[in-house]
Amino acid sequence: MSVAAGRELDALVAEKVMGWHHTGSDDRYPVDDKGRSQLYVPDYSTDIGAAWAVVERMRELDWRMLLENWVSSSDAYAAFFHPQDRYRYGNHIGVTDDTAPLAICRAALRAVGYEVTP
């Protein structure tokens, strides 16, 4: 599925990674994984502070992350998630993207089994 950074990708992260869901017929107020009503979905794919909440959620799910900044002809960030109990070279799920929040979000979605491309 092709999704750019922004509200649609943020909503996917909220649902697939953060465990949010909608209750009843009123989809305007999602409920987080602890049953608390949320007034808005954070800007996971564009704000590093919000993206770090994704990293913390993945830790709760027993995933660990490595974030790298590759400087070449263009700056790129690479986010890699690996299961906590299986850290070995090559046993990771990674994504390279233009920004750190975007790389974190796409890698987290891939790790939980949901593929998103630019």
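## Basis of the description

At 38% relative accessibility, Glu115 counts as partly exposed, where buried means under 20% relative accessible area, exposed over 50%, and partly exposed in between, computed with a 1.4 Å probe on protein chains only. The model is predicted, and local features need pLDDT of at least 70, side-chain atom pairs count only at pLDDT 80 or more, and totals for chains, interfaces and linings use all residues. Residues are numbered from 1 along each chain as its sequence is written, and side-chain values use heavy atoms, with hydrogens and water left out.

## Salt bridges

Glu115 is the partner of Arg110 in a salt bridge whose closest N and O atoms are 2.6 Å apart, a salt bridge being a side-chain nitrogen of Lys or Arg within 4 Å of a carboxyl oxygen of Asp or Glu. Arg110, with a relative accessible area of 31%, is also partly exposed. Elsewhere, shared partners in salt bridges join Arg7, Asp10 and Asp43 into one network. By this rule the count comes to six salt bridges.

Asp43 lies in the loop between helix H1 (7–16) and helix H2 (48–60), whereas Arg7 belongs to helix H1, so the pair ties together parts that are 36 residues apart in sequence; helices (H or I, at least four residues) and strands (E, at least two) are DSSP runs numbered from the N terminus. Asp43 is partly exposed at 36% relative accessibility, and Arg7 is partly exposed with a relative accessible area of 45%.

Another salt bridge joins the side chains of Glu15 and Lys16, at 3.5 Å from N to O. Glu15 is partly exposed at 43%, and Lys16 is partly exposed at 34% relative accessibility.

## The nonpolar core

In soluble globular proteins, nonpolar side chains tend to be buried together. Here the largest nonpolar core holds 28 residues, of which Val13, Val17, Tyr44, Val54, Met58 and Phe81 touch the most other members; such a core is a set of buried Ala, Val, Leu, Ile, Met, Phe, Trp, Tyr and Cys residues joined through side-chain atoms within 4.5 Å. At least two residues of this core come from each of H1, H2, strand S2 (75–83) and helix H3 (100–111), and H3 gives the most, with eight residues.

Leaving aside residues up to four places away in sequence, Val54 touches Val13, Val17, Met18, Tyr44, Ile104 and Ala108, where contact means heavy atoms within 4.5 Å.
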